[in-house]
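Open the model in your viewer and keep the selection tool at hand. The stops below say what to select next and what is there.

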Amino acid sequence: MKVIRARYAGACYGVQRALSMANDVVARGEAACTLGPLIHNPQVVDDLAARGVSVACRVEDVADGDVMIIRSHGVTPQVRDAAASRGLAVLDATCPHVARAQKAAENLARQGCHVVVVGEAGHPEVEGLTAYACGAGGAVDVVAGPGELPDGLCDPVGVVVQTTQMQEQLDAVVEALRARGLSPVVKDTVCFATRQRQEAAAELAQTVDAMVIIGGRNSSNTTRLAEICAKACERSFHVEAADEIDPAWFRDCRTVGVTAGASTPEDQIQAIEDVLRAL
Ligand code: SF4
């Protein structure tokens, strides 16, 4: 059975960077914890825990003396302040693309704009963007799409977008604002890592007999990849680890495609590809 990996698959730049920063802390023998799970990948989180990097839900839960690692989604300025007031050492693994979006939200508010954040309410990255805009004195609304835009908006309006949103969502919101006669200032902070993985998975799923999608079941971008693959390829299987692979899934298959979410490290992909090649 031929195993073909999607053109874009697996850990994105921001996740690789955060993992490597956490691994460096372990290598230096420093006590550390991450604020929230470092990435949506249970195996990686367990592995870090086994090497002494625990997970704290709140700054108050970080043990004295631990280095507090900020994950790629970033945090609110209030969290940074809370860590500073406790005198904690902080290792900032905020993805530079997310940091750029935070800065954009802050700048829009400073310019006096009513800030519209296009994204998923409650997501840690969106909470960060909202907090940066509020901190700069802006009024903020979070919308998943044009249907959620509040009534009564007036210029100046600024738009910023959660990095993992689809470009179409941003475009639809901007279009709806323009249709109301507004002239929004748009900061396009979409990161193309997600889109590249989705397009490459869709393309590959059309050409193979089966697809394996690798990543945490709690990872929304991996789940989305699995949905995309299932539309194009009936035999699509979402797995977290190699021991979930059932040879019966691939009966009479000549080709199997492999893709993985943006929080799936390379070693997990390779382990599963090895199992598939050995079938
Ligand atoms: S998806 Fe993009 S913005 Fe998010 S962590 Fe990865 S590289 Fe950074």
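**Stop one: Glu125**

Select Glu125, which is buried, with a relative accessible area of 2%; buried means under 20% relative accessible area, exposed over 50% and partly exposed in between, using a 1.4 Å probe and protein chains only. This is a predicted model, in which local features need pLDDT of at least 70 and side-chain atom pairs count only at pLDDT 80 or more, while totals for chains, interfaces and linings use all residues. Residues are numbered from 1 along each chain as its sequence is written, and side-chain values use heavy atoms, with hydrogens and water left out.

UniProt, in an unreviewed entry, places the feature "active site" at Glu125. UniProt positions are given here in the numbering used in this text, feature names are shortened, and annotations may be inferred rather than shown by experiment. Now show what surrounds the residue: not counting residues up to four places away in sequence, Glu125 touches His73, Val98, Gln162 and Thr163. Contact here means heavy atoms within 4.5 Å.

**Stop two: helix α5**

Glu125 is found in helix α5, so select residues 124-135 to see the whole element. Helices (H or I, at least four residues) and strands (E, at least two) are DSSP runs, numbered from the N terminus. With 12 residues, α5 reaches 16 Å from its first C-alpha to its last, close to the 16 Å expected at 1.5 Å a residue; the expected span is 1.5 Å times one less than the number of residues.

Colour the buried residues of α5, among them Val126, Leu129 and Tyr132. The buried residues of this helix pack against α3 (77-85), α4 (96-110), β6 (114-118), β7 (140-143) and β8 (157-161). Just after α5, select Gly137, which takes a positive phi of about 90°.

**Stop three: the largest nonpolar core**

Next, select Val15, Leu19, Leu38, Ile39, Leu48, Ile69 and Leu91, the residues with the most contacts inside the largest nonpolar core, which has 21 residues. A nonpolar core is a set of buried Ala, Val, Leu, Ile, Met, Phe, Trp, Tyr and Cys residues joined through side-chain atoms within 4.5 Å. The elements giving two or more residues to this core are α1 (13-27), α2 (42-50) and β4 (67-70). Of these, α1 gives the most, with 6 residues.

Stay on Val15: leaving aside neighbours within four places in sequence, Val15 is in contact with Ile39, Ser72, Ala262 and Ser263. Apart from this core lies another, of 15 residues, among them Ala210, Ile214, Phe237 and Phe250.

**Stop four: the aromatic rings**

How many aromatic pairs does the structure hold? There are 3. Rings of Phe, Tyr and Trp (its six-membered ring) pair if their centres lie within 6.5 Å; planes under 30 degrees apart count as stacked, over 60 as edge-to-face and the rest as tilted.

Select Phe237 and Trp249, a stacked pair at 4.3 Å centre to centre with 5° between the planes. Phe237 sits in strand β11 (residues 236-239) and Trp249 in the loop between β11 and β12 (255-260), 12 residues apart. Phe237 is buried at 17% relative accessible area, whereas Trp249 is partly exposed at 22%. Phe237, Trp249 and Phe250 form one aromatic cluster.

**Stop five: Thr259**

Finally, select Thr259 in strand β12. Thr259 counts as buried, at 0% relative accessibility. Not counting residues up to four places away in sequence, the residues that Thr259 touches include Ala6, Tyr8, Met211, Ile214 and Cys229.
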